[in-house]
Amino acid sequence: MTPESSLLELISDTESFEINFDGKKIISHSWAEPFVYAGSGTGKYRMFRGNFHITEHVKELAGLTDWEILESDTGRLVIRFSRDVGQGTQYRMVLTALVQNGRLELSFSDQSSVGAALQGKHSKRGKPNRWRFHFSAQQEELVYGCGEQFSYFNLRGRSFPLWTSEQGVGRNKKSYVTWLADVAEGAGGDYYWTFFPQTSFVSSRRLWYFADCPAYSVFDFTLPDHHELYFWDLPSRIIIGSRKSMLETIQDQSAFFGRQEELPDWVMEGIILGIQGGTETCEQKLNTARNAGVPVAGIWAQDWEGIRITRFGQRLRWNWEWDRERYPNLDQAIKRWRDQGVRFLGYINPYVLKDHALYEEAVRRDFLAKNSEGHLYLVDFGEFDAGIIDFTNPAAYSWYKEIIKQNLLDLGLSGWMADFGEYLPTDTVLYSGRSAELAHNEWPALWARCNREAVQEWYSEHPEARGHIVYFMRAGGPGSQKWCPLMWAGDQNVDWSEDDGLPSVIPAALSLAMSGHGLHHSDIGGYTTLFGMKRTKELFMRWAEFAALTPVMRGHEGNRPRDNWQFDSDKETLAQLARMGHFHRELLPYQRHLSEENASKGIPVMRPLLLHYEEDPVAWHIKDQYLLGPDLLVAPVLESLCNERHLHLPPGIWRHLWSGAVYKSPAPSGTECTVRAYLGEPPVFCRAGSPWEGLFVDAAKNCTSYYESRPTSADYAITVQKTQ
């Protein structure tokens with residue numbers, strides 16, 4: 001018996017059986033409570049501007065109660081599940097269980113048979129297209145992951161449909177903003193709407209699960225004794241990993257999915273300013289920031305290819321060619337800024353705007369996806385239409401990589417926002433013949449791969465630049481981990497709302513950390529400016545504090561820049577940004593170490609407390625704090641008009657960076673405390689005894705010295721007046 005084969009155990013009698021892996025019950029089956037259900041249903045997808053409303057009529061879902069062990073050799077099980085459902089039809093599925101690379105792999109084969117009388121065009125029943133699996137659970141079990149989830153960190157007690165889409169505005173059916181968005185365009189969303197769903201989860205039992213199935217899925221964690229995984233297609237396999245600790249568990253998951261490369265230093269050397277308006281505007285705002293002492297790492301100008309004005313706000317011209325009229329002499333400016341230590345970043349997405357040059361070329365070369373009638377499939381993106389680059393066409397895929405290489409990289413861009421990827425309608429007809437319904441959830445990872453390959457091919461011709469290009473994405477899925485170097489949290493509201501404002505970014509980062517993606521950041525100040533929402537000075541400053549303690553600090557003017565408070569709206573804001581930017585830059589050696597650790601070991605940079613403090617029962621439930629690596633505890637201020645923050649300290653000795661106060665937190669449950677949290681002093685603690693403690697203390701001191709000629713943190717304290 002090999003060590004791997006000993007991990008798999010079958011316990012059976014005439015009435016039931018169970019499968020254990022690494023001593024943990026994974027599957028329990030009996031006639032009364034079957035492991036697998038099969039049936040049929042019809043689904044309806046309604047997409048409007050990336051917002052999906054999905055409904056289903058289930059015709060039948062029957063438990064496959066009968067079972068037969070076909071093979072039970074050491075380390076390998078083959079079991080057939082079946083059930084006669086009448087009219088000569090039998091639903092049958094064969095499960096093969098095998099331990100490989102220390103993980104349990106369950107593969108599935110549909111062997112259902114349909115009675116001859118039902119095989120004509122008037123059939124009421126065919127082979128099943130709906131599958132539900134029951135995996136054993138414990139009542140006290142906690143669950144994390146499922147990609148990027150903004151509202152909840154622990155997913156237990158809730159059900160999560162997994163479908164990539166717009167994240168929704170407000171994302172809470174009880175909120176007024178969500179209601180307004182739903183009334184306007186059906187765009188309000190709900191707690192589970194996300195750009196980055198993933199059919200995986202991590203259990204407090206030190207298990208991780210991944211279902212290899214791109215179809216619409218629902219993961220239901222509401223039942224006490226089992227998890228229900230429901231699919232609109234049969235998964236090809238389900239992988240289960242087991243380790244002795246939560247940290248080892250997510251590392252094993254990361255090794256399976258693939259890991260991100262290290263971030264280049266320049267990304268972490270200061271702030272990437274979000275600027276729009278042209279070459280001269282970029283130059284002016286850059287000078288304003290640097291004259292105020294802001295350490296600037298880059299300029300991110302998403303409108304480098306031009307703009308379109310819509311009712312939603314300022315949008316972009318999706319033609320992916322340098323707009324020489326809006327950005328005159330940009331090529332020269334990029335070189336000049338680069339010599340000054342400032343990189344230039346742009347924007348691209350996988351669609352081309354109708355009636356523009358790239359669209360016309362794509363039409364001429366037949367590179368765009370079609371509809372069922374063989375015509376171009378034009379997608380409404382909000383007062384303009386665009387074509388979908390058909391990445392299943394090898395020639396179109398290669399052409400788009402050349403667009404990235406020639407129009408972005410050769411111009412001198414050091415990075416870009418690789419936006420969208422969610423807008424693949426399910427009735428699209430693709431070049432490959434693959435169903436768009438199944439390709440939909442795969443599309444963001446395919447888009448990420450296109451960017452990755454373009455960069456790697458460009459590196460082969462420019463080896464001196466290797467490792468210096470960074471693109472960032474909002475959409476993703478299984479496979480994005482190895483193709484996308486950096487995620488951003490998407491389009492938060494410019495507010496303090498728990499489901500879609502500043503507080504939502506932390507569970508988003510932590511859930512991705514539990515899904516194999518360890519590098520995350522957000523738009524400083526948020527993006528979505530609608531329904532009377534406007535970014536305030538206070539929100540911008542608090543968001544900047546939070547961003548300083550993430551891998552990347554990057555701004556965004558928002559969809560309605562004139563309605564929002566910006567980094568250069570007044571001197572105090574510039575001073576606050578300078579302070580936080582210098583603090584971020586001082587942490588570069590530590591951040592570099594964390595980026596290396598993420599690349600080599602699969603340990604995320606922003607970490608849930610439970611990864612290092614499993615013995616602390618409170619740590620398993622915290623979604624508004626995180627660890628930056630093992631040695632910094634961060635508890636951002638997430639409410640308006642607050643001078644203090646209540647937080648949880650896990651066991652150990654912790655030093656408050658700004659005051660120097662030392663807190664002794666007892667094992668195993670840690671302790672609660674309240675600390676002052678003036679603007680400019682985000683609650684952050686370093687772990688006593690950390691090899692980086694000297695760096696952290698000096699960073700705080702040096703940050704203060706940068707601030708000596710400006711108002712003190714006490715002057716920044718919020719009293720009873722709003723800051724705008």
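1. A helix's expected span is 1.5 Å times one less than its number of residues. Keep that in mind for helix 12 of this predicted model, which runs over residues 571-586. Helix 12 has 16 residues, and the distance from its first C-alpha to its last is 22 Å, close to the expected 22 Å.

2. Is helix 12 mostly covered or mostly open? Mostly covered: 12 of its 16 residues are buried. The buried stretch takes in Thr573, Leu574, Ala575, Gln576, Leu577 and Ala578, and also Arg579, Met580, Gly581, His582, Phe583 and His584.

3. The N-terminal end of helix 12 is capped by aspartate 570, which places a side-chain oxygen 3.3 Å from the backbone nitrogen of glutamate 572.

4. Helix 11 covers residues 537-548, and its axis comes within 9 Å of the axis of helix 12, crossing at roughly 10 degrees. Angles under 35 degrees count as roughly parallel, so helix 11 and helix 12 are roughly parallel to each other. On the helix 11 side the contact is made by Lys537, Phe540, Met541, Ala544, Glu545, Ala547 and Ala548, and on the helix 12 side by Glu572, Thr573, Gln576, Leu577, Met580 and His584.

5. Helix 13 (residues 588-601) packs against helix 12 at an angle of about 55 degrees, with the two axes 5 Å apart. That angle makes helix 12 oblique to helix 13. Here His584, Arg585 and Glu586 of helix 12 meet Leu588, Pro589 and Gln591 of helix 13.

6. Which residues have the most contacts inside the largest nonpolar core? They are Trp318, Tyr400, Trp416, Leu628 and Leu632, in a core of 159 residues. Leaving aside residues up to four places away in sequence, Tyr400 touches Trp320, Ile348, Asn349, Pro350, Tyr351, Val352, Ile389, Phe391, Trp447 and Cys450. Another core, of 52 residues, lies apart from this one and includes Leu8, Phe35, Tyr45 and Trp163. As background, nonpolar side chains tend to be buried together in soluble globular proteins.

7. You will find serine 82 in strand 7, residues 76-86. Is serine 82 buried or exposed? Its relative accessible area is 12%, and under 20% counts as buried, so serine 82 is buried. Beyond residues up to four places away in sequence, serine 82 touches Leu64, Thr65, Asp66, Gln90, Tyr91 and Arg92. Aspartate 182 is 100 residues from serine 82 in sequence, and their C-alpha atoms are 44 Å apart in space.

8. Finally, lysine 370 sits in the loop between helix 5 (357-364) and strand 24 (378-380). The side chain of lysine 370 makes a polar contact of 2.4 Å with the side chain of aspartate 366. Not counting residues up to four places away in sequence, lysine 370 touches His375, Leu376, Tyr377, Thr428 and Val429. From lysine 370 to methionine 580 is 210 residues along the chain, and 49 Å separates their C-alpha atoms.

Definitions and conventions: Residues numbered from 1 in each chain as written. Predicted model: local features only at pLDDT ≥ 70, side-chain atom pairs only at ≥ 80, totals over all residues. Heavy atoms only, no water. Core = buried A, V, L, I, M, F, W, Y, C linked by side-chain atoms within 4.5 Å. Buried < 20%, exposed > 50% of the residue type's maximum accessible area, 1.4 Å probe, protein only. Contact = heavy atoms within 4.5 Å. Helix = DSSP H or I, 4+ residues; strand = E, 2+ residues; numbered from the N terminus. Polar contact = N/O pair within 3.5 Å; in protein donor to acceptor, adjacent residues only side chain to side chain. Axes fitted to C-alpha atoms, helices over the stretch in contact; angles between N-to-C directions. Parallel < 35°, antiparallel > 145°, perpendicular 65-115°, else oblique.
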